[in-house]
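I opened my notebook to record what I looked up in this structure. The entries follow in the order I made them.

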Amino acid sequence: MLPVHALMPGLRRAMAAAARSMRRRRARLTGAAAASRMLALLAVTLLVAAAPAAQAERIKDLATIQGVRPNQLIGYGLVVGLDGSGDQTTQTPFTVQSLQSMLTQLGITLPPGGSLQLKNVAAVMVTATLPPFAQPGQQVDVTVSSLGNARSLRGGTLLMTPLKGADGQIYAVAQGNVLVGGAGASAAGSRVQINHLSAGRVPAGATVERAVATPFLLSDRIRLELTTTDFSTSTLVADAINRRFGGDTSMPLDGRVIEVRAPATPAERVRFMAELENIDVVTVAPVARVIINARTGSIVMNRTVTLEPAAVAHGSLSVTISTQTSVSQPGPLSQGQTVVTERADIQIKQEGGALMQVAGGANLADVVKALNALGANPGDLLAILQALKAAGALRAELEVI
């Protein structure tokens, strides 16, 4: 038997080898755990990337400020300087009356009983839109439209025309050269016309004379009006405003109006509204709706329209009526008369209307694919959609415009 001191070097080498083995095994286990954690993190990242992103819109795209809106203006005026293309005064007596009234105000008195034959004057209606917060001295565009039978307003000049609002007050005065985006010519009974010649615009042709007061500057409460009535969107908008400004800054009053507490001074209020309009709001899915235009046969669906499985029998009935004309000629020397006779041929054709199964669709692409499988034209598709809605297979609201 060997002494103990002779066995010690071997035992030390064995213990060292065992320690190295344990360290390598621990390193392998640590690497596997790290790899497992990396794989888990990669899987979560892929799931987040594959998930549909929530749609967010700014408040300025979802709502408007109550009271901050444009106002329509209207006025009656005269366009002069036309190249013989004005109103025919015998058929439009109001043009002559307007011109006489204007000349009287300018100190010109016409002899009574005179008949004016004007060719270069046209009576027009002048319309404009007064933008919100418009101040006196600001200029806006106006639209000039012929009221009588003038052939063209090209090259004319609009005389000073007061523009009134719905309350009868004058808010702007228009005057300037009329720009017509068209051209025309006529000679020897022939006429060529490009675009419309009876209406034109005067850029910056009206000067604002009176400002319109808005509730935006008169109250410490501002109300936002959603473009569409939706209680979910109204609540989400109010919550987003409260998260941004804190406290009870906003409160939904109904499915369309949100009341917001705003700063008192105008400068702080403008800065506050600029920040509020750019708040992002996560929007909810809209109401499933199908818009049908019966006049043009157009059909539009939004992304939330779904379709339940159903069976549809589609067929068409066509009636064709054709008329053939024949001439009955009498024999020679028979004293008869030539007679024209017509013979009508009526044909009725009915195409096959086999019962077809329409698969249910969970998204818009599946719904379109299922409806296209019917092979129906837009006119027939209108009736099919109405029948599917009545049968409860179409999960959407039908709106006919």
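I began with burial: buried means under 20% relative accessible area, exposed means over 50%, and partly exposed lies in between (1.4 Å probe, protein chains only). By that rule serine 85 is buried, because its relative accessible area is 8%. The model is predicted, so local features need pLDDT of at least 70 and side-chain atom pairs count only at pLDDT 80 or more, while totals for chains, interfaces and linings use all residues. Residues are numbered from 1 along each chain as its sequence is written, and side-chain values use heavy atoms, with hydrogens and water left out.

**Entry: serine 85.** I placed serine 85 in the loop between β3 (71-80) and α3. Helices (H or I, at least four residues) and strands (E, at least two) are DSSP runs, numbered from the N terminus. What does serine 85 touch, leaving aside its neighbours within four places in sequence? I found Lys119, Ala150, Arg151 and Ser152 in contact with serine 85; contact means heavy atoms within 4.5 Å. A polar atom of the serine 85 side chain lies 2.9 Å from the backbone oxygen of serine 152.

**Entry: glycine 156.** Glycine 156 sits in the loop between β5 (139-146) and β6 (157-164). Glycine 156 is buried, since its relative accessible area is 1%. I then looked at glycine 81. With neighbours within four places in sequence left aside, the contacts of glycine 156 are Val79, Val80, Gly81, Leu82, Asn177 and Val178.

**Entry: a surface patch.** I noted a nonpolar patch on the surface, formed by Tyr76, Phe94 and Leu147. Together they have about 240 Å² of accessible area. Such areas come from the Shrake-Rupley method with a 1.4 Å probe; for residues, only the protein chains shown count as cover. Patches are made of residues with over 30% relative accessible area and no salt bridge; like charges are joined within 9 Å, and nonpolar side chains (Val, Leu, Ile, Met, Phe, Trp, Tyr) within 5 Å. Phenylalanine 94 belongs to helix α3 (residues 93-105). Phenylalanine 94 counts as partly exposed because its relative accessibility is 30%.

**Entry: salt bridges.** How many salt bridges does the structure hold? I read nine. A salt bridge is a side-chain nitrogen of Lys or Arg within 4 Å of a carboxyl oxygen of Asp or Glu.

I looked up arginine 223 and glutamate 259, whose side chains meet in a salt bridge at 3.6 Å, N to O. This pair links distant parts of the chain: arginine 223 is in strand β11 (residues 221-226), glutamate 259 is in strand β13 (residues 257-261), and they are 36 residues apart. Is glutamate 259 buried or exposed? Glutamate 259 counts as buried, because its relative accessibility is 16%. Arginine 223 is partly exposed, at 34%.

Next came glutamate 399 and arginine 289, a salt bridge whose closest N and O atoms are 4.0 Å apart. Glutamate 399 lies in strand β23 (residues 397-400) and arginine 289 in strand β15 (residues 289-293), 110 residues apart.

My last pair was arginine 395 and glutamate 308, with closest N and O atoms 3.6 Å apart. Arginine 395 is in strand β22 (residues 394-395), and glutamate 308 is in the loop between β17 (306-307) and β18 (310-313), 87 residues away.

Key: A polar contact is a pair of N or O atoms within 3.5 Å; within protein, one must be able to donate a hydrogen and the other to accept it, and residues adjacent in sequence count only if both atoms are side-chain atoms.
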